[in-house]
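Here is a short report for a reader meeting this structure for the first time. Look at the whole chain, then at two local features.

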Amino acid sequence: MSRRETLEALSGLMLVLFVAMLSGTVVGTALPQIIGALHGTQSQYTWVVTATLLTSTASTPIWGKLADLYDKKRLLQAAIGIFALGSLISGFAQNTEQLIAARAFQGLGVGALQILVQIVIGVMVSPRERGRYFGYIGAVMAVATVGGPLLGGLIVDVSWLGWRWCFFIGVPIAVVAFALLSKTLHVPHIRRANVRIDYLGATLIAAGVSVLLIWVTFVGDSFAWTSWQTGAMVGGGLVLLALAVRVESRAAEPVVPLPIVVRRNTALAIVASLAVGSAMFGGAVFLGQYFQIGRGYSPTEAGLLTIPMMVGVLGSATVVGRLTSRTGRPKAFVVGGTFVLTGGFAVLSTIDHETHLGILSLGMLLIGVGVGASMQNLVLIVQNSVALRELGAASGTITFFRSLGGAIGVSVLGAILANEVKDIITERLAAMGVRGGSGQAAGTLDLSSLPAPVVEIVRAAYGDATGHIFLVSVGLGVVAILASLAIKPVTLRDTLDLVKPPAGAPDADTVPQTAEPAPKV
């Protein structure tokens, strides 16, 4: 493809990636209004986010393998269709159950778009030129990340639009991208021989994690910690995950390659990414709810108030990325980033419904700086520690676990928040002489249906309980710190592939490698 053809096709790919990223961030500040309008509960609030994360995480490696078998352009067009249909169904949902199911279906398209855009660019552009275009991807992701929460707040606050347009808005963009790619994208279809797709492994992993997350959501509320339901769900989830490990160990091309996972740096980077992903996704999802339910701000104002965290991510990722390239030593930035991230969680663990906005901004800024410094460098450490033939599997594995950590974080922290809110409301209603009224107050986010005195109690409960989930996030941050400290120091190599050191020499990923000059043609 010529440069002009490449740029034309790239514009369609960027649109697709933008709308996929936007679908996850635009609902952040709008969710309290959405769940309130559909008369949903706190548990359902978290599953609107978790459902998308789970299906996109489980389907991403499968879409990658399908790209080795079938025409990449057709797969990309099919993914756009799935995403657009899921967006329409989400927008027309009449209750939270329908919305959760639609979001899960939409997640299939999101997972496909995120991986297929990278694969198609890899086919279109040579490795030497690819860095420039990946910079465009970073810019698109930054705009979607920063602009999504603000756009969601504006949509909800505009009376003639309403929350349903948080889902509808992606459809016309997807249609334009589909038409643009149909006309401009021309990539060769080269089918890899003997490709096997590990459907069973992906299904077992998703099923095992889903069962455990459902248990976390309902335990302590719908049934007791020591009940038969707990035994059945925990036992069933662990059995499914054990079967997944067995299948992955025998699969020709597993979703999660165990030989790569058990290596020191890869394993430690995965642990750190799980912790960072759990804390980052989990904490960020509930900030919009804190500002709206706990503090009484409008959705637009809530979107504006989360800007310090987005600024921290953008600034830190840009500066640290340049410094990492200059020094070639990413570990120091990962360790520093996890310390800063944990410090941000520690600041937010002190908040209640009356905390000064300056303290909140400081905590969010620290979280953003920590995420920007550590997240991509963890991927870089893994990529630098494996051979070229394992690069895709290793990168996909750490991305898989990071997304999985996000799903776990949203579900677990959401369950903790729901239980804390219920306990606080029960205690404060009892102090007013009201018994047995906590169920309705804690079970709805539609504050307009509650009496004025109860509304104030609910607001204070959400404001005070949010600090507790960030205290849990501090523990996750400590895990990330310990894992990053244990990572073996590496110097980023100059070669595409690992160079095997002579006997008795240091490992290849601990010393810089110099590529042999290419023969002149």
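## The chain overall

A contact means heavy atoms within 4.5 Å. Among contacts in the protein chain between residues at least 6 apart in sequence, 80% join residues at least 24 apart.

This is a predicted model: local features need pLDDT of at least 70, side-chain atom pairs count only at pLDDT 80 or more, and totals for chains, interfaces and linings use all residues. Residues are numbered from 1 along each chain as its sequence is written, and side-chain values use heavy atoms, with hydrogens and water left out.

## Helices and burial

The protein chain has 19 helices and zero strands. Both are DSSP runs, numbered from the N terminus: helices are H or I with at least four residues, strands are E with at least two.

Of its 521 residues, 53% count as buried, meaning under 20% relative accessible area; exposed is over 50%, and partly exposed lies in between (1.4 Å probe, protein chains only). The protein chain exposes about 22,500 Å². Carbon and sulfur atoms supply 66% of that area.

## Helix H4

Helix H4 covers residues 72-91, 20 residues in total. The expected span is 1.5 Å times one less than the number of residues, so H4 should span 28 Å. Its end C-alpha atoms are 29 Å apart, which agrees.

Asp71 caps the N-terminal end of H4. A side-chain oxygen of Asp71 lies 3.0 Å from the backbone nitrogen of Lys73.

## Phe339

Phe339 is found in helix H15 (residues 331-348). Phe339 counts as partly exposed because its relative accessibility is 46%.

Technical notes. Accessible areas come from the Shrake-Rupley method with a 1.4 Å probe; for residues, only the protein chains shown count as cover. A polar contact is a pair of N or O atoms within 3.5 Å; within protein, one must be able to donate a hydrogen and the other to accept it, and residues adjacent in sequence count only if both atoms are side-chain atoms.
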